[in-house]
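Morning, everyone. Please have a look at the model on the screen, and then I'll walk you through a few spots.

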Amino acid sequence: MNDCLFCQIIEEKIPAERIYEDEHVVAFSDINPQAPLHVLVVPRHHIPTLNDLGPDNESLVGHMHVVAAQIAAERGVAQAGYRTLLNCNAQAGQTVFHLHLHLLGGRELGWPPG
Ligand code: 5GP
Ligand code: ZN
């Protein structure tokens with residue numbers, strides 16, 4: 001989608017610090033990091049929210065988590081611990097309507113989240 005921020009990052013029309021990419025996903029650093037490690041794992045295909053997923057997307061969502069775990073290991077936070085999360089729609093704080101998994105690590109993470 002032309003007007004989607006993350007589609008434009010995926011298409012390299014907008015710069016981002018790319019961490020990882022393959023045929024299914026691109027991972028890049030969050031521009032406003034909430035932890036020492038804050039990476040977004042984003043499907044190449046434009047899917048607005050978790051509500052828009054169907055059975056065909058099951059392997060994609062699994063893959064997003066596998067990629068996040070791999071980045072956590074590479075960045076040295078796997079043993080200490082880290083968090084993955086997806087915000088869905090306004091009340092959860094979703095601001096970019098292209099599905100993305102947050103990977104947060106490198107500090108103590110409070111629970112419950114705000
Ligand atoms: P959401 O609130 O939708 O779950 O997360 C959107 C995330 O995208 C936020 O953490 C925000 O900081 C990040 N973000 C917004 N604009 C940009 C951008 O232009 N580049 C990058 N790398 N991250 C962005
Ligand atoms: Zn998009």
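Start with N57. Skipping neighbours within four places in sequence, N57 is in contact with I47 and D52; contact means heavy atoms within 4.5 Å. N57 sits in the loop between β3 and α2. Helices (H or I, at least four residues) and strands (E, at least two) are DSSP runs, numbered from the N terminus. N57 counts as buried because its relative accessibility is 16%. Buried means under 20% relative accessible area, exposed over 50%, partly exposed in between, with a 1.4 Å probe and protein chains only.

A word on the source. This is a predicted model, where local features need pLDDT of at least 70, side-chain atom pairs count only at pLDDT 80 or more, and totals for chains, interfaces and linings use all residues. Residues are numbered from 1 along each chain as its sequence is written, chains are lettered from A and ligands numbered from 1 in written order, and side-chain values use heavy atoms, leaving out hydrogens and water.

Now the metal. Which protein donors does the zinc ion (ligand 2) have? They are C4 (SG), C7 (SG), H46 (ND1) and H98 (ND1), 2.0 to 2.3 Å from the zinc ion. Donors are N, O and S atoms within 2.8 Å of the metal (3.2 Å for Na, K and Ca); water is not among the atoms, so sites may look incomplete. Along the chain, the donor spacing is C-x2-C-x38-H-x51-H. One pair links distant parts of the chain: C7 in helix α1 (residues 5–10) and H46 in the loop between β3 (37–43) and α2 (58–74), 39 residues apart. C7 is buried, at 4% relative accessibility. H46 is buried too, at 18%.
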